[in-house]
Structure formats: C-alpha cells, structure tokens
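Here are some exercises to work through with the structure open beside you. Try each task before reading on to its solution.

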Amino acid sequence: MIVLINPNSTVAMTEAMQRTAERTLPGIEVQAWTSHDGPPSIQGGEDGDAAVPPMLKLVQKASDQGASAIIIGCFDDTGLYEARDIAACPVIGIGQAAYHVAACAGGRFSVVTTLAVSVPILESNIVTYGLSPHLSRVRASDVPVLELESDPKAANAKVIAEIKRAEAEDGVQAIALGCAGMAGLLAEAQAETDLLLVDGVRASLHMAATLTA
C-alpha cells in the first residue's frame with residue numbers, strides 16, 4: 001500500500017491526486033489521505049510550518065499500518081525530512097521526484113509554480129537536493145493554489161502562458177509543474193509545448209512503485 005498524504009485540508013485536491021494515482025498505477029493500492037487539520041492550501045513558509053504537525057500524525061499512522069511508501073503531496077516537500085525520521089518506509093516528496101525526473105530526462109529545467117511566495121522555498125529545496133546546476137529558473141504563474149480547483153479554466157491558461165514564456169526564454173528541455181493541483185492540466189499543457197512537462201504526483205508515484213517493487 002502506497003499512502004499519498006495531502007498536507008492541506010482541501011479534500012478536492014486529495015481526490016484529484018487519488019484519481020491521478022488510479023490512472024498512473026492501476027493494480028497497485030494507493031490511498032490518498034487528507035490532513036484535515038492542515039491549512040486549506042500551502043503558500044509560503046507560514047502555511048508549511050502549520051501543515052507539518054498534523055501531517056506527521058498521518059505519516060506515523062501510515063507507517064504503523066504498514067505502508068510500503070509514503071508520498072508527501074505538496075510541491076514544497078513540506079515536512080519531508082521530519083517524515084523520514086519517523087516512517088519505517090521510503091518517504092518521497094512530489095517536488096523532489098519532479099526535479100529528479102526533469103533533470104534526468106531534460107538536462108536543464110525550469111519550474112512553473114503558483115505564487116511568488118513559494119519561489120524561495122522551491123529554490124532552496126533544489127539546492128538541498130544537489131540539482132541547482134540543472135535549474136534555469138523557478139517561475140510564478142500568479143495563480144493561487146485553490147484557484148486550480150475553483151476556476152481551472154482561468155488558472156490553466158495562466159500556467160500554460162508561463163510555460164510558454166519559459167520555453168521562449170529559459171533554454172530548458174523540461175518544466176516541472178510546481179503544484180500538486182497542476183496534475184489535472186498536464187495533458188492540456190503538454191499539447192501547447194514541445195518541452196517535457198513533469199508532474200510531481202505522477203513522478204512520485206512511479207518512484208514509489210519502483211522503490212517498493
């Protein structure tokens with residue numbers, strides 16, 4: 001059993017990740033859990049700090065129930081190292097998975113995320129993972145996280161426009177989609193660009209399946 005934990009309390013986002021998991025790993029049990037005591041979305045360090053304690057309770061629960069792998073379903077990789085300290089199985093962050101796939105498949109990559117407040121966090125994570133030589137730029141699309149669920153047409157258009165700017169300006173071969181809520185726009189966005197687009201939810205699911213095979 002792979003457990004995918006959404007550190008925010010927005011159930012619709014958890015349900016979207018569950019659907020992605022079912023399409024990505026048919027035949028493998030994946031349970032997507034919502035951290036109901038977390039913030040509605042994670043936008044910046046303050047939200048991330050608030051999300052960690054209730055999320056870690058779910059990490060412990062998943063580990064106690066014998067999860068074969070745990071996925072942190074936030075692109076900030078919220079509480080990733082704390083989760084690894086208490087889990088008896090591999091713990092993967094969707095940001096970390098996306099960066100590694102983008103670097104392996106494309107060489108140089110950019111990230112298109114939601115709001116500017118998230119940019120320093122993602123940049124810091126990429127440095128920590130040793131992937132900064134592969135990074136061109138972390139870009140904000142000025143789309144609030146919850147708008148990806150509440151107004152997907154407008155949100156998707158903004159994200160795709162930023163992807164196109166990255167394609168024109170950044171000299172990259174791949175783009176990491178910098179929010180779990182962007183999983184649903186992958187097909188639409190990929191049709192608009194020749195760059196490889198990497199969704200962290202799918203990347204982390206494949207990684208979890210490989211680690212537990």
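**Exercise 1: The surroundings of Asn6**

Leaving aside its neighbours within four places in sequence, Asn6 is in contact with Met13, Thr14, Met17, Trp33, Thr34, Ser35 and Gly73. The model you are looking at is predicted.

Task: Where does Asn6 lie, and is Asn6 buried or exposed?

Solution. Start with the secondary structure: Asn6 belongs to strand β1, residues 2–6. Next, take the relative accessible area, which is 0% for Asn6. Buried means under 20%, so Asn6 is buried. Finally, look along the chain: Ile72 is 66 residues away from Asn6 in sequence, yet their C-alpha atoms are separated by 6.5 Å.

**Exercise 2: The two sides of α5**

Task: Which residues of helix α5 are buried, and which exposed residues are on the face turned away from them?

Solution. First, list the buried residues of α5 (residues 119–128): Val119, Leu122, Asn125 and Ile126. These residues cover an arc of only 130 degrees around the axis, so they sit on the same side of α5. Now turn to the face away from the buried side, where you will find the exposed residues Val127 and Thr128. Then ask what lies over the buried residues of α5; the cover includes α4 (94–106), β5 (109–113) and β6 (135–140). Last, step just past the end of α5 to Gly130, whose phi is positive, at about 75 degrees.

**Exercise 3: Two helices that pack on α9**

Task: At what angle does α1 pack against α9, and at what angle does α4?

Solution. Take α1 (residues 11–24) and α9 (residues 200–211) to begin with: their angle is about 50 degrees and their axes are 10 Å apart. That angle makes α1 oblique to α9. The crossing of these two helices is right-handed. On the α1 side the contact is made by Met17, Thr20, Ala21, Arg23 and Thr24, and on the α9 side by Val201, Arg202, Leu205 and His206. Sorted by class, the residues of this contact are four nonpolar, three polar and two charged.

Now the second pair. α4 and α9 pack at about 85 degrees, with axes 8 Å apart. Angles of 65 to 115 degrees count as roughly perpendicular, so α4 is roughly perpendicular to α9. Here Ile94, Ala97, Ala98 and Val101 of α4 meet Gly200, Val201, Ala203, Ser204 and Met207 of α9. The classes in the contact of α4 with α9 are seven nonpolar, two polar and no charged residues.

Methods: Residues numbered from 1 in each chain as written. Predicted model: local features only at pLDDT ≥ 70, side-chain atom pairs only at ≥ 80, totals over all residues. Heavy atoms only, no water. Buried < 20%, exposed > 50% of the residue type's maximum accessible area, 1.4 Å probe, protein only. Helix = DSSP H or I, 4+ residues; strand = E, 2+ residues; numbered from the N terminus. Arc of directions from axis to C-beta. Contact = heavy atoms within 4.5 Å. Axes fitted to C-alpha atoms, helices over the stretch in contact; angles between N-to-C directions. Parallel < 35°, antiparallel > 145°, perpendicular 65-115°, else oblique. Left-handed = near helix turned anticlockwise from the far one by under 90°. Nonpolar A, V, L, I, M, F, W, Y, C, P; charged D, E, K, R; others polar.
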